[in-house]
Amino acid sequence: MNPASASPDVLLHLSESLQLQWRRYRKQLKRCQRKFSEAAVHKSRVETRRLLATVELLCAFFPERELKKARRALKDHLDSFDKLRDTQVQLVYVEHLLRTNPAAKRFCAWLREREERFIRESRKAVKGIKTRRLGKRMVRFQRELEELRKETRPERAFSMAQGAIRLAFARVAQLCRRVSAEDTETIHRTRIAFKRFRYMVDALSPLLPAVTDRHRQAMRGYQSMMGDIQDVEVLLATLDKFIKHGNDDSYTERLRTEFTRRREQLIRVYLNAAGKLQQFWPLQPETGGVMSNRKVKA
């Protein structure tokens with residue numbers, strides 16, 4: 001078998017993925033707009049992330065300026081749920097403390113009021129999402145992919161896609177080396193870069209036998225370690241707002257101590273596992289083989 005015939009048709013894969021994910025995205029968005037519920041929000045977020053994953057991989061073939069507006073529209077959709085999602089995560093965590101800290105009960109009640117407000121805001125934001133312009137961009141991307149497919153050999157296109165992912169991975173590795181336990185912003189920046197890399201791998205994974213379900217699950221777990229740290233950072237910031245509403249007492253300080261201790265524990269967990277980053281992009285450009293296990297120092 002010659003190399004050309006052995007190469008997956010990545011441009012056809014991306015074109016078909018765009019069409020499929022766009023259809024699924026619109027379907028779940030419309031359902032969420034008709035009936036706003038926790039389940040509908042979850043499904044809409046999932047399909048938005050999947051469509052965004054495909055768009056991220058298009059950077060291998062299109063200039064950044066062509067993707068910027070589509071990426072921004074999808075991220076704005078996800079952002080419309082952020083405050084609600086953060087508050088619901090905080091409620092789950094704080095509810096576990098209700099028996100041990102009297103301030104947790106007051107804080108929990110305050111969070112529930114915020115949740116109700118953010119439900120109203122998110123519902124309004126989702127109903128206002130328009131997809132006409134984004135849909136036109138998706139159609140244009142498909143047409144351009146079809147034209148590009150006519151003039152690009154499969155092995156060349158596949159190499160370009162892998163190259164884009166390697167660059168995304170290099171960015172994550174660079175940021176990971178700069179991670180500091182004293183500066184959680186360095187972890188946050190690494191998480192954002194890793195999320196983009198992971199989206200790109202997800203979009204190409206059907207063409208990468210080395211990227212198994214187990215591999216993708218491990219990537220989600222790695223991202224979650226950093227996400228948990230960010231969740232506690234946001235929780236501490238929310239607690240500050242609660243304190244400013246006249247809730248500054250010894251019980252509230254105990255809550256702060258508990259959250260701070262949790263953040264430090266999560267940071268240690270992540271730093272101990274940070275070197276596992278190297279296992280998440282298994283293809284070498286020269287051989288197509290398995291990447292070495294050289295660790296990144298964090």
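Colleague: In which helix do Glu-185 and Arg-189 both lie?

Modeller: This is a predicted model, in which local features need pLDDT of at least 70, side-chain atom pairs count only at pLDDT 80 or more, and totals for chains, interfaces and linings use all residues. Residues are numbered from 1 along each chain as its sequence is written, and side-chain values use heavy atoms, with hydrogens and water left out. Helices are DSSP runs of H or I with at least four residues, strands are runs of E with at least two, and both are numbered from the N terminus. Glu-185 and Arg-189 are four residues apart, about one turn of the helix, and that helix is H9.

Colleague: What N to O distance goes with the salt bridge of Glu-185 and Arg-189?

Modeller: Side chains of opposite charge can pair when their charged atoms come close. A salt bridge here is a side-chain nitrogen of Lys or Arg within 4 Å of a carboxyl oxygen of Asp or Glu. For Glu-185 and Arg-189 the N to O distance is 4.0 Å.

Colleague: Is Arg-189 buried or exposed, or in between?

Modeller: Buried means under 20% relative accessible area, exposed over 50%, and partly exposed in between, with a 1.4 Å probe and protein chains only. Arg-189 has a relative accessible area of 38%, so it counts as partly exposed.

Colleague: Which helices does the salt bridge between Arg-112 and Glu-95 link?

Modeller: The closest N and O atoms of Arg-112 and Glu-95 are 3.3 Å apart. The two residues are 17 residues apart and belong to distant parts of the chain, with Arg-112 in helix H6 and Glu-95 in helix H5.

Colleague: Why does the span of H11 agree with its number of residues?

Modeller: The expected span is 1.5 Å times one less than the number of residues. H11 has 24 residues (250–273), so it should span 34 Å. The C-alpha atoms at the ends of H11 are apart by 35 Å.

Colleague: Which residue caps the N-terminal end of H11?

Modeller: The cap reaches the backbone nitrogen of Tyr-251 with a side-chain oxygen, at 3.1 Å. A polar contact is a pair of N or O atoms within 3.5 Å; within protein, one must be able to donate a hydrogen and the other to accept it, and residues adjacent in sequence count only if both atoms are side-chain atoms. The capping residue is Asp-249.
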